[in-house]
Every structure is written in structure tokens, then in C-alpha cells.
Amino acid sequence: MTGNHKDKTISRRRALAVTGGTVAAGGLAAAGLQSAFADTADTTADADATASATSTSSECMTLMTSVTEGPYYLDGALVRKDITEGKAGVPLTLRLTVVDATDGCTPVKGAAVEIWHCDAWGYYSGYTTANPGGSAPAESEEGDSANDLTYLRGYQIANANGVVKFETIFPGWYTPRTCHIHVKVHTGGEKEDGTYEGGKVNYTGQLFFADDIAEEIFTLDPYAKHTGSYTVLADDMVYDGGGAASGLLTLKAVHKKDPSKGYKGSLTLGVDPDAESTGAGSGGGGTPPSGAPTGTPPSDSASPSASASS
């Protein structure tokens, strides 16, 4: 696969240094990565991560750069850990740590982290007729049981160590964007009727994947049924080359010799809990080549039919 989109005119906002010096915002999540995803070691791993943040706060000085929320955002995502709803793809366990970059990188307990991304063929729930570019089967041909308004969308509430975890699949891609996951960090609201209500958005961003790993995944089923020119990181309109501070995930294969077994991804999100993000951000919107999404999103009054889970 080769990159197909180059846009050198888009201004790119750099991460803001809170104190002297800079460091990748993903540094905290690297500590104890091997045990961070083991179900039996969650408490220990989270405590170790918090201790690391406290003892090395000088290494966590970077606010994550806010970027566009993109054209596929929908209100009303469910609060749940597993957002797959039966969607086929390579498993991805995502562990995100929210810290206050303006206060020594202390954990932001109770922050609501919201993510959403496309399926293996590049389709988003709520917009299942939007053309992902290249050649792909219609989303309806996958034959899964996913709810077309809610799959691959969800919230988790950060624990005392600022940690949230999601079970999902490795995203596919759509033209002209590289492989990515959208993310928002909310504070001040509360869980209500299975979703998260109120408060404000402190951060809007996107999470990215190393090219070599993404391109290997895309040779596997069901990803391989979507053919065309894949946009690499260097040619993406949103990713600005800043590594973890720009949303590049740390990835660890479950089985090194068999990528189909899945990956564990991690990143620390350094945010300002007093700030408010509009979602406009920088880097363009990643609009599909045909213009605005052709799928019809659910109305504000529509209630998701999928059940919420923790």
C-alpha cells in the first residue's frame, strides 16, 4: 500500500509546553506495559503507573494537541468497555491514562473518555452508506449483529489512577485518512441512561498507528477485502509527526508471530481539565472524497438499542 494524500498547506498546532522542556505524553503509559493489560494485575499496574507519574512528573510536561473531531461524531455513545458489538477484526485492547498536564500530571479521576472509529472496511456506525474509498464490500455484507447506530463507539469513566480500558478491533481506513481512532475527554458530567451527560469536553484528539503494523493488519481478513491506496502517517492531513504527543499509540502484539491474535495499545493523554474544546481543532476534517457523509446519523431523540455494559 502507498500513501495517496499530501497536504502541506494545513497549519499544524504543536503541543503546548506547560513547564520548561518537552516529553512524549505517552511516557507514563510505557511504565509497566507488560502487566498493564493482565486482568489479574490491573490494580497493581494502575498503582505503578500513578507512582511513576508522581516520581517523574518532570517527564510529563506536554499538553496533547487538540485536533478536529472529524465528520463522523455522534452524540449518545454508550458507557461500556467492549464496543465491538460483534464486528469482525483483529482484537485491540486500548488502555488510556488521563492526567492533568497543568498540575504535575496527576490522574484525572472521573474523566469520561469517549472513543469512536470505523470498522475493518472503513465504515462508521450512523454513516454506513458513506463510501470509504477504494473498493470495499457494502457494510451490510459483513453479516454481523452490530447495531448500525452504535457499533465501535463508547465511553469509559477513569478510575482513581486516571485509567480507562476499551475492548475493540483494529480500525480499518477510509480515503484520504490514515488508520486512526477518535477520542474526547469530558469532565463534569455523569452517567445517565447508559450514556454520559453534561459537563464539558476538555480535549478532542485522534489516536494513530505505526504504518508497518497497520499495513500488516490490512493484509488479513476481513481488512483485505477493502483495497485501494492507504494513506501513511507522513501523508495524513491530521497527524503532525509528533509521536506520542500527537496521538501515536504504543502497541504490543499479543503474539509476535501472529498479528491476527491482536494488539494492546496504550497512551497517556495530558489534558487541561479547565480548558474546553470545541471539536474544531486543526488538521482538516478527513471528509470522505465524495464530500459530506452520505449516511444519515440518528436523530437526537433516537435511543441506542444496544445494551450498555461496564
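Analyst: Let us begin with two tyrosines: Y72 and Y127 are both buried. The term rests on a cut-off, since a residue counts as buried under 20% relative accessible area. Please keep in mind that this is a predicted model.

User: How many aromatic pairs does the ring criterion give?

Analyst: The general idea is to look for ring centres that lie within 6.5 Å. By that rule there are 13 aromatic pairs. For Y72 and Y127, the ring centres are 5.1 Å apart and the planes stand at 75°, so this pair is classed as edge-to-face. That label applies because the angle between the planes is over 60 degrees. The two tyrosines come from distant parts of the chain, 55 residues apart: Y72 belongs to the loop between α3 (42-55) and β1 (91-100), and Y127 to the loop between β3 (112-116) and β4 (153-157).

User: Which residues do ring pairs link into a cluster?

Analyst: The cluster consists of F170, W173, F209, F218, Y223, Y230 and Y263. I181 itself sits in strand β6 and counts as buried because its relative accessibility is 0%.

User: How many helices and strands does the protein chain have, and in which order do they run?

Analyst: The protein chain has four helices and nine strands. Read from the N terminus, the order is α-α-α-β-β-β-β-β-β-β-α-β-β. Of the 310 residues in the chain, 54% are buried.

User: Where do K87 and D119 lie in the chain?

Analyst: K87 and D119 form a salt bridge whose closest N and O atoms are 3.1 Å apart. K87 lies in the loop between α3 and β1 and D119 in the loop between β3 and β4, 32 residues apart. Both K87 and D119 are buried. K87 also meets D144 in a salt bridge, at 3.1 Å from N to O. D144 is in the loop between β3 and β4, so this pair ties together parts 57 residues apart in sequence.

User: Are K87 and D144 buried, partly exposed or exposed?

Analyst: K87 is buried, because its relative accessibility is 4%. D144 is partly exposed, because its relative accessible area is 25%. Salt bridges with shared partners join K87, D119, E139, E142 and D144 into one network.

User: Which residues form the negative surface patch?

Analyst: The patch is formed by D75, E190, E192, D193 and E197. Patch residues must have over 30% relative accessible area and no salt bridge. D193 illustrates the case: this residue is exposed, because its relative accessible area is 74%. In the chain, D193 occupies the loop between β6 (180-192) and β7 (195-208).

Note on methods:
Residues are numbered from 1 along each chain as its sequence is written. This is a predicted model: local features need pLDDT of at least 70, side-chain atom pairs count only at pLDDT 80 or more; totals for chains, interfaces and linings use all residues. Side-chain values use heavy atoms; hydrogens and water are left out. Patches are made of residues with over 30% relative accessible area and no salt bridge: like charges are joined within 9 Å, nonpolar side chains (Val, Leu, Ile, Met, Phe, Trp, Tyr) within 5 Å. Accessible areas come from the Shrake-Rupley method with a 1.4 Å probe; for residues, only the protein chains shown count as cover. A salt bridge is a side-chain nitrogen of Lys or Arg within 4 Å of a carboxyl oxygen of Asp or Glu. Lys and Arg count as positive and Asp and Glu as negative; His and the chain ends are not counted. The place of a charge is taken as NZ of Lys, CZ of Arg, CG of Asp or CD of Glu. Buried means under 20% relative accessible area, exposed over 50%, partly exposed in between (1.4 Å probe, protein chains only). Rings of Phe, Tyr and Trp (its six-membered ring) pair if their centres lie within 6.5 Å; planes under 30 degrees apart count as stacked, over 60 as edge-to-face and the rest as tilted.
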